[in-house]
Amino acid sequence: MCRNQSYILGTLQASCAKSEVTSRFIEDNAAFVEPQKVRFNTSLSAKRCYVMTCGSPMPCRGLQFFSTQAGTESSEEEDDDLETGISERQTPVSAGATQDSNGEAGNDDEFSELEMSEDEINDDVEAPQNEMELSDTEPEVSREKSRERRGANHLFRVIVTAPGLSVHNALEKWVEEGNELTRPDILLAMLFLRKRRMYGRALQLSEYVESTKKVEFLERDYASRVDLIAKVRGIHKAENYIEKIPKSFRGEVVYRTLLANCVLASNVKKAEQVFNKMKDLEFPITCFACNQLLLLYKRVDKKKIADVLLLMEKEKVKPSLFTYRILIDTKGQSNDIAGMDQIVETMKAEGIEPDLATQALLAKHYVLGGLKEKAEPVLKKMEGGDAKENRWACRALLPLYATLGKADEVERLWNICKPNPRIDECIAAIEAWGKLNNVEEAEAVFDKMVKTWKKLSSKHYTAMLKVYANHKMLAKGKDLVKQIGESGCRIGPLTWDALVKLYVEAGEVEKADSILQRAAQQNQIKPMFSSYMTIMEQYARRGDVHNAEKIFHRMRQAGYQARIRPFQCLIQTYVNAKVPAYGMRERLIADNVFPNKALAAQLASADAFRKTAVSELLD
């Protein structure tokens with residue numbers, strides 16, 4: 001640490017009493033922050049004395065109330081880096097994203113990627129309690145209210161079967177037939193719609209309910225509308241809607257919903273503006289809002305994490321379990337296992353015990369860090385002594401044991417589930433056997449799944465498709481794609497991602513490129529970030545500047561904000577092509593991307609005007 005950094009660190013420690021976890025992050029990542037005037041803006045990054053590698057955020061999901069969890073997809077369910085069956089997908093389409101002829105982008109049942117079967121629709125739905133809650137006063141959905149479930153299922157089917165933009169007419173007809181539109185029915189119907197990512201139809205339902213005054217709108221319902229508008233029409237439209245909300249309902253819940261969607265879109269500038277506006281409006285600074293910033297900076301600018309922790313200290317905002325999970329994952333991604341363990345100890349000292357998701361996260365980072373001896377006790381603890389009694393843990397344990405290469409443990413756990421498997425256990429088993437290079441066992445589980453459930457969604461087929469892609473089994477992959485088509489499933493970004501990988505692994509990069517382009521054009525849906533990166537990385541290896549730039553441009557058109565990883569890939573393309581990357585520094589500045597050490601080194605390699613020993617002699 002340089003002398004200036006030591007002085008800054010000392011000043012920070014003297015001016016602000018910090019918890020152990022805050023001190024730990026500041027010691028590792030000393031940043032110039034004035035604790036008395038913490039305000040977030042993109043200019044802060046230019047004042048840093050150090051750089052860290054860029055990472056990706058933790059997943060977080062949940063649905064609550066009539067509003068069913070604004071920002072549910074936000075950020076707890078994101079990047080490929082987490083390798084937990086979750087990926088960066090369906091971020092809210094920004095104002096500049098491609099839209100269809102009706103002005104909607106990425107909406108409606110095109111997200112039938114997660115289409116539910118008839119059985120799934122009739123399952124009881126419990127709204128998980130987690131970081132994405134809008135309120136602590138959510139009325140519970142009782143399992144005993146079978147009439148309400150039947151009514152909600154009926155309402156849901158009316159909405160799903162209505163043509164495109166005619167949900168309003170379908171609901172009018174349904175009400176005219178003598179059906180009552182109650183809050184519990186709306187709650188569950190909205191829940192079903194969100195589970196299927198049918199945000200366009202959910203938005204039409206919300207608009208109908210408000211316009212007809214069938215149910216009195218509360219703040220949480222306005223927040224739900226903000227969330228849906230952000231997902232369907234973009235953040236700018238959501239901001240405009242907030243101005244139309246009655247002032248008495250324009251509270252912290254509404255603004256934090258907008259904040260969550262800004263984070264989901266990786267829109268740093270807008271997220272910081274919304275956070276600062278919340279401060280200007282004198283809303284209390286909540287752990288939820290701080291966690292959203294942590295998620296954002298964990299993905300795009302890790303060095304700002306210390307700023308947020310200092311602010312939490314100053315405002316006496318107590319970290320939640322989710323806060324610690326973000327910090328644990330940040331340390332794990334940086335391969336700082338000692339720092340990760342220290343955060344866990346701090347968390348326990350604060351009376352917070354790691355839950356299953358946190359334990360799975362720890363085990364994953366131990367495995368990736370080559371510390372199998374530390375991973376195994378965590379996995380055994382997750383089992384709780386009896387995997388049969390704690391069967392709910394099998395879903396997480398199967399792929400983790402597979403990553404450790406323990407085929408016997410995978411077989412043991414699968415034998416527990418096999419007599420009466422749940423669909424998520426089947427997907428986990430397919431993934432696990434795939435990791436163990438046992439394609440036959442993965443196929444056996446897939447066949448069992450096909451026979452057990454009447455109707456599968458493309459999500460379930462995609463699990464097997466990924467196995468074929470990872471093993472370069474193009475012929476079998478093509479046959480499975482035909483099977484998906486014959487089943488009547490509508491495919492979406494998850495399946496496209498698997499198809500892209502399938503063809504890339506088979507060496508057919510151009511075919512993968514054309515598939516992704518056609519899928520996006522025909523469906524007007526935003527492909528996954530990883531799909532673009534898979535293709536772009538192949539062009540980078542070839543030194544194909546033209547096609548790499550083309551993919552980079554398409555990513556921006558799709559609504560993905562500028563990030564370090566695509567720039568790293570693009571610059572590497574120039575390096576491999578042995579051609580100078582003219583104007584690349586200016587492009588980074590224009591996109592508000594601040595290079596880390598790796599990117600700075602790449603820039604130097606691709607600099608058209610860099611000096612070498614030979615060039616200096618010639619000059």
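This is a predicted model: local features need pLDDT of at least 70, side-chain atom pairs count only at pLDDT 80 or more; totals for chains, interfaces and linings use all residues.

Modeller: We can start with the overall picture and then go to helix pairs, the core and a few loops.

Biologist: What about contacts between residues at least 6 apart in sequence?
Modeller: Among those, 71% join residues at least 24 apart. Contact here means heavy atoms within 4.5 Å.

Biologist: Let's do helix pairs. How do α15 and α16 cross?
Modeller: The axes of α15 (residues 337–349) and α16 (residues 356–368) cross at roughly 160° and come within 11 Å. Axes are lines fitted to C-alpha atoms, for helices over the stretch in contact, and angles run from 0 to 180 degrees between N-to-C directions.

Biologist: So what do we call that arrangement?
Modeller: α15 and α16 are therefore roughly antiparallel to each other. Angles under 35 degrees count as roughly parallel, over 145 as roughly antiparallel, 65 to 115 as roughly perpendicular and the rest as oblique.

Biologist: Which residues make the contact?
Modeller: From α15 there are Ile337, Met340, Asp341, Val344 and Met347, and from α16 there are Thr358, Leu362, His365 and Tyr366. By class, this contact of α15 with α16 has six nonpolar, two polar and one charged residues. The classes work like this: Ala, Val, Leu, Ile, Met, Phe, Trp, Tyr, Cys and Pro count as nonpolar, Asp, Glu, Lys and Arg as charged, and the others, Gly among them, as polar.

Biologist: Who meets whom between α11 and α12, and which residues are they?
Modeller: Val268, Ala271, Glu272, Phe275 and Met278 in α11 meet Ala289, Leu293, Leu296, Tyr297 and Val300 in α12. That contact of α11 with α12 has nine nonpolar, no polar and one charged residues.

Biologist: And how do α6 and α8 cross?
Modeller: The axes of α6 (residues 183–195) and α8 come within 14 Å and cross at roughly 25°. That makes α6 roughly parallel to α8. Arg183, Met190 and Arg194 of α6 are in contact with Arg220, Asp221, Ser224, Asp227 and Leu228 of α8. Here the classes are two nonpolar, one polar and five charged residues.

Biologist: Switching topic: how many residues are in the largest nonpolar core?
Modeller: The largest nonpolar core has 170 residues, and those with the most contacts inside it are Leu205, Ile430, Met449, Met464 and Ile535. Helix α12 (residues 287–300) gives the most to this core, with nine residues. A nonpolar core is a set of buried Ala, Val, Leu, Ile, Met, Phe, Trp, Tyr and Cys residues joined through side-chain atoms within 4.5 Å.

Biologist: What is Ile430 in contact with?
Modeller: Leaving aside neighbours within four places in sequence, Ile430 is in contact with Ala442, Val445, Phe446, Met449, Ala463, Met464 and Val467.

Biologist: Now loops. Is Phe217 buried or exposed?
Modeller: Phe217 counts as buried, because its relative accessibility is 7%. Phe217 sits in the loop between α7 (199–212) and α8 (219–233). Phe217 and Phe249 are 32 residues apart in sequence, with their C-alpha atoms 9.1 Å apart.

Biologist: And where is Lys316?
Modeller: Lys316 is in the loop between α13 (305–314) and α14 (321–333). Lys316 has a positive phi of about 60° although it is not a glycine. With 74% relative accessibility, Lys316 counts as exposed.

Biologist: Last one: which loop holds Gly369?
Modeller: Gly369 is in the loop between α16 and α17 (372–383). Gly369 counts as partly exposed, at 32% relative accessibility.

Notes. Residues are numbered from 1 along each chain as its sequence is written. Side-chain values use heavy atoms; hydrogens and water are left out. Helices (H or I, at least four residues) and strands (E, at least two) are DSSP runs, numbered from the N terminus. Buried means under 20% relative accessible area, exposed over 50%, partly exposed in between (1.4 Å probe, protein chains only).
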